[in-house]
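Dear colleague,

I am passing on the structure we spoke about, and below it you will find my notes. Please read them with the model open beside you.

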Amino acid sequence: EIYTLSLHDALPISAGGWLVTGDLMLHGVTRLVELTVRFGGAVTDAYGNARVAFHANGSITRHDFGLTYELIKEAGGLLVGRDVAIDIDAEAIHPL
């Protein structure tokens, strides 16, 4: 396994928005992460199925998961940054 995510809690922060917390296991190291989740909308598709969309974002620090290697460009500067952005677009379908 490269990663797993176990969600714990979802606190409302606005209309259609939640702060979701959970454990992210990455390369054998588990840390608590927070994601901001926004409701993207709901529609009924051409086949009569209910569809909903969500967007989540957050960030993690690679070093917190033991990923400490640095790739340095020939001209200087880091090729791989310390922080990693998490950006998720998800859609769920429920057949009617």
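Strands, as the word is used here, are DSSP runs (E, at least two residues), numbered from the N terminus, and two strands pair if DSSP finds at least two bridges between them. This is a predicted model, in which local features need pLDDT of at least 70 and side-chain atom pairs count only at pLDDT 80 or more, while totals for chains, interfaces and linings use all residues. Residues are numbered from 1 along each chain as its sequence is written, and side-chain values use heavy atoms, with hydrogens and water left out.

Five strands form an open, antiparallel sheet in the order β1-β2-β3-β4-β5. Because β1 (3-14) and β5 (83-94) stand at the edges with a single partner strand each, one side of each has no neighbour in the sheet.

Strands β2 (residues 17-26) and β3 (residues 29-44) are joined in the antiparallel sense by ten bridges, and Leu 24 lies opposite Arg 31 in β3. Between β3 and β4, which also run antiparallel, there are eight bridges, and Thr 36 has Asn 57 in β4 as its bridge partner. The hairpin of these two strands has five residues between them, and there Gly 48 takes a positive phi near 85°. Twelve bridges connect β4 with β5, again antiparallel, with Arg 51 opposite Ile 93 in β5.

Arg 62 is found in the loop between β4 (50-61) and β5. Its relative accessible area is 5%, so Arg 62 counts as buried (under 20% relative accessible area, with a 1.4 Å probe and protein chains only).

With kind regards

Technical notes. Helix = DSSP H or I, 4+ residues; strand = E, 2+ residues; numbered from the N terminus. Buried < 20%, exposed > 50% of the residue type's maximum accessible area, 1.4 Å probe, protein only.
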